[in-house]
Protein chains: 2
Amino acid sequence: MSNDRLIYLPLGGAGEIGMNCYVYGYGAPGKERLIIVDLGVTFPDMDTTPGVDLIMPDITWLEKRRDQIDGVFITHGHEDHIGAVGHLYDKLRAPIFARKFTASLARRKLDEHGAPESALNVVEAYPAFTQAGPFKVAYVPISHSIPESAGLAIDTPQGRILHTGDFKIDESPVVGEPFDRKLWDEVSKDGVKALVCDSTNVFSQHAGRSESTLREPISKFMKEATGMVVATTFASNVARLKTLATAASDAGRTVCLLGRSMQRMTQTAKETGLLEGFPQTVGPEEAADIPRQNLFCLVTGSQGERRAASAQLANNKSYLGIGLKEGDTFLFSSKTIPGNERGVIRIMNQLSEKGVDIVDHNDGDYHVSGHANQPDLLEMHKITKPQMVIPMHGEHRHLREHAKLADKNGLAGIVAVNGMMLDLSGNQPKVAEYIDTGRTYLDGSVKYGAMDGIIRDRIRMALNGHVTVTLIIDENDDPLGDPWVELMGLPETGRSNAALAEVLEGDLGQFMGRAKPKTLRNEEALEKELRKIVRQVSQNEIGKKPEVTVVVSRLN
Amino acid sequence: MSNDRLIYLPLGGAGEIGMNCYVYGYGAPGKERLIIVDLGVTFPDMDTTPGVDLIMPDITWLEKRRDQIDGVFITHGHEDHIGAVGHLYDKLRAPIFARKFTASLARRKLDEHGAPESALNVVEAYPAFTQAGPFKVAYVPISHSIPESAGLAIDTPQGRILHTGDFKIDESPVVGEPFDRKLWDEVSKDGVKALVCDSTNVFSQHAGRSESTLREPISKFMKEATGMVVATTFASNVARLKTLATAASDAGRTVCLLGRSMQRMTQTAKETGLLEGFPQTVGPEEAADIPRQNLFCLVTGSQGERRAASAQLANNKSYLGIGLKEGDTFLFSSKTIPGNERGVIRIMNQLSEKGVDIVDHNDGDYHVSGHANQPDLLEMHKITKPQMVIPMHGEHRHLREHAKLADKNGLAGIVAVNGMMLDLSGNQPKVAEYIDTGRTYLDGSVKYGAMDGIIRDRIRMALNGHVTVTLIIDENDDPLGDPWVELMGLPETGRSNAALAEVLEGDLGQFMGRAKPKTLRNEEALEKELRKIVRQVSQNEIGKKPEVTVVVSRLN
């Protein structure tokens, strides 16, 4: 028994913002009973993951230990915490726990993947606890930018761990539970072994602002705007939707929701009793008949997503019958996530071309963050007084800064990135093992590993273009006719002012004419030589070395 | 003669930030004598231009009017103003004008493209004028983030145009000429027909700050830093290099420059007499022997460029013998240009993994912009009192905001984007024509148009992967053997748990077996069918439709 250890293992979210997946375990080394906190996704980009649809944590390690898993606990309904719960259900088949609103969102994802009704368990908040193997887990409500977020109090045989989930300290969050200092005092009062804590905004030095501070500026904005008003924000930020819609309604505007997730989130929030007093809405057909100065559209796509409503409205003359024009105003009640700037700026310029005025969060009047800034993180450290601080939900630089902050205040901070298993049994966290981990790509209907080379090949084709070489070798191992070349993603003409394909065919043909029978019989050597010639000649003709597919057909 | 008109035609830089190229003309419609202001480049990205090396304005319109061009006037040495001067020289063969420092930079680019010595003319600043056809052009010094920037006073038969180039109002710019209000008063005193004006920072509401305000915080930073200090900024910001190097030297650190453009810029600035009192520097070999607390490296790559010194230092154990470690400090004396965030953040996290402390411009202590903020733009309007304001150097949203600003202050503002030719002859600017314009890509050693479809194919291969299908048809128009399939950038196995290539070969083979002789004889129809099958079967197997190259070899 004395051999038992308490472990923490991030498989996603530690060393990146996105794809959260944290494992806790207790038991004899290698035989620990395990629980998983969150199963999120992250989103692909053209630079590193062209053509990929979604990115999930690589859970091979968990799959091999499926029998040791006692539960999956989802802290809240953001995609980076809940997004993989359907995609990965089949590999884990462990019971899933969530509060009511989050569970409604999870239900849909599980249904899409044919998971049984019984897979999902709706839990009540603290003081209710769920037993999961050696753990007892309670959902401790905490404020964030989506309703019903919760931190977890995880009771282990070696003491209590507080896993904050995503949070901010907001005492008047408009929708959902305010941050309850007394509650967090209470869950901390008997001592906290470890605080596993959100690090997103560790570099923001000023105190965080409440969601409710936006009410006044947004009301003022709605009153002053002429023409049609469109606003975009994350659909999951139900509090923001309420502030925006209410202000618009108070200013005499009818509210129209555009974008599937806008519809879904408000509906789910209403069904679970979290959203009351939301103004009546109309569909786009009805909206199109309303005088523009009396219309307010609340739309998806604040991050510049190409197929979302914001992009559609900006890019097209009209979308679902609604068209923007000079004198209308478009409000970004959002912050652009680093990496999404190009998409957002494209929309802004398209709107500008239509003569639409753009208002963005600039001075913070129209957006506040959902994450705790540095002073609020310190406040959380102070409330919980943990033995150790384990920063999570951050890139390496965030985790490091957060750990330094803890250290400075006399708490043992440690940077644990994805795959780094910590043993929390002693007074100090220590590294127990390094686990092979990584990313799983969902690409169309197939899942594969980030290191499988598929995406590497795509990136190479995008950078270098592609050449297909085909040739036929007859029954006597002699070339039959000339090699044939097809180009894709390459200029047709190069330095010698002749068609690149013809120059390549000429040089390949010459090589074949000279090639020794031994070479012609050796498949691998022949392909290698032909590939080399294509790359050399291309370098000479067009200054770049393409990717090459060689197909040798043999008639024998 | 009364038929003559004064025209303005942006071919790059109006509707984007980058690739500046503005044309002025005077004469009978279609027969105007022309001058060009700036010939810049912009940089590719993976989202829209994978594999492209550089992007330049499409100057087809100018090429066709080569005989009408009386000169190319380069305002300053930033790549978005000077970068295409070598690449496009051969197409224009017009005399190029620049001040001394800028000319040194242009010289190298022209040499690389074999332009004759005589192509380049070094000019003095105002009151010197250069006659170019019906125009007289003077270089009016103006402060910016590179030495020797100049606005142009362009005297035309219809009055004076002031083309600001890039500028800020900085009365103590550390290196180079301060903004000289009296000089700008003087060039404006007889009336200004049009102010063609930088718009980059039109959304920044606060007054701009002088380069010299950085001296104190940078000195303080250098004194307090322990370990090795590395700083990155644009190499062309010679003033910043001087501030950084001097502060480091004063703090007892030896200065080492890393990165080719760092070397080149300081050298050119010294040679042209613009950089005095720059501390002695050492090469990397020598630097490696200096105790780290006495070393300061000034390095390229502030925008996260993969091959620049910053990325090399962050990504590798050591670069040219210099390695960073815990306790060292890395200063970004720069602002990340929108779109470059991912690359910069990658470097920051790599540095964090090494334990290096990162300091960035955050509160503006370590970086100021080189462009005029809104109050400074208004100041410029006030100094020059133009008849009309034509915003340039901005995305559509910047141009529009700038034009609105002018209108609000009683000046005729107009948004003219690339390809929109304005007739400035009257009291109000009016649109004369729309010119087909666009972008030219330099890709390896070949130049081609943005709309040629080459890049579209690359992006498709990156998103969808690529399938090669080859098959042989014999002398009797019968298939010989089975079709052969090769994949690139695609998963090997799909829904049916068999190799995707084999599933495709099976289905293609079945089609060939059933195909009518008529289809087998019709090249185009056959390829189309085979392509369709590949896409359908792939959609079914892996949930996506790849790009397909079909090669049918016929033995007859």
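## Getting oriented

This is a predicted model, so to speak of local features a pLDDT of at least 70 is needed, side-chain atom pairs count only at pLDDT 80 or more, and totals for chains, interfaces and linings use all residues. Residues are numbered from 1 along each chain as its sequence is written, while chains are lettered from A and ligands numbered from 1 in the order in which they are written.

Helices (H or I, at least four residues) and strands (E, at least two) are DSSP runs, numbered from the N terminus.

## Helix 8 of chain B

Let's start with helix 8 of chain B, residues 260-271. Its 12 residues reach 16 Å from the first C-alpha to the last, close to the 16 Å expected at 1.5 Å a residue; the expected span is 1.5 Å times one less than the number of residues. Buried here are M262(B), M265(B), T266(B), T268(B) and A269(B).

The buried residues pack against helix 4 (100-112), helix 7 (238-250), strand 15 (254-258) and strand 17 (295-299) of chain B. Just after the helix, G273(B) takes a positive phi of about 75 degrees.

## Helix 13 of chain B

Next along comes G410(B), with a positive phi near 80 degrees.

In chain B, 3 strands make an open sheet in the order 28-27-29, with mixed pairing. (Two strands pair if DSSP finds at least two bridges between them.) Strand 28 (479-488) and strand 29 (547-554) of chain B are the edge strands, each pairing on one side only. Strand 27 and strand 28 of chain B pair in the antiparallel sense over 7 bridges, and H466(B) has M488(B) as its bridge partner in strand 28 of chain B.

Over in chain A, 7 strands form an open sheet in the order 9-10-11-12-13-20-22, again with mixed pairing. Its edge strands are strand 9 (130-132) and strand 22 (412-413) of chain A. Strand 12 and strand 13 of chain A run parallel, joined by 3 bridges, and I161(A) stands opposite A194(A) in strand 13 of chain A.

## Where the chains meet

How many residues of chain A are in contact with chain B? There are 51, and they touch 51 residues of chain B; contact is counted when C-beta atoms, placed from the backbone, lie within 7 Å.

Among the elements giving two or more residues to chain A's side are helix 11 (341-354), helix 13 (396-408) and strand 28 (479-488) of chain A. Helix 14 of chain A gives the most, with 8 residues. By class, this side has 20 nonpolar, 17 polar and 14 charged residues. Ala, Val, Leu, Ile, Met, Phe, Trp, Tyr, Cys and Pro count as nonpolar, Asp, Glu, Lys and Arg as charged, and the others, Gly among them, as polar.

Note on methods: Contact = placed C-beta atoms within 7 Å. Buried ≥ 20, exposed ≤ 12 C-beta atoms within 10 Å, placed from the backbone.
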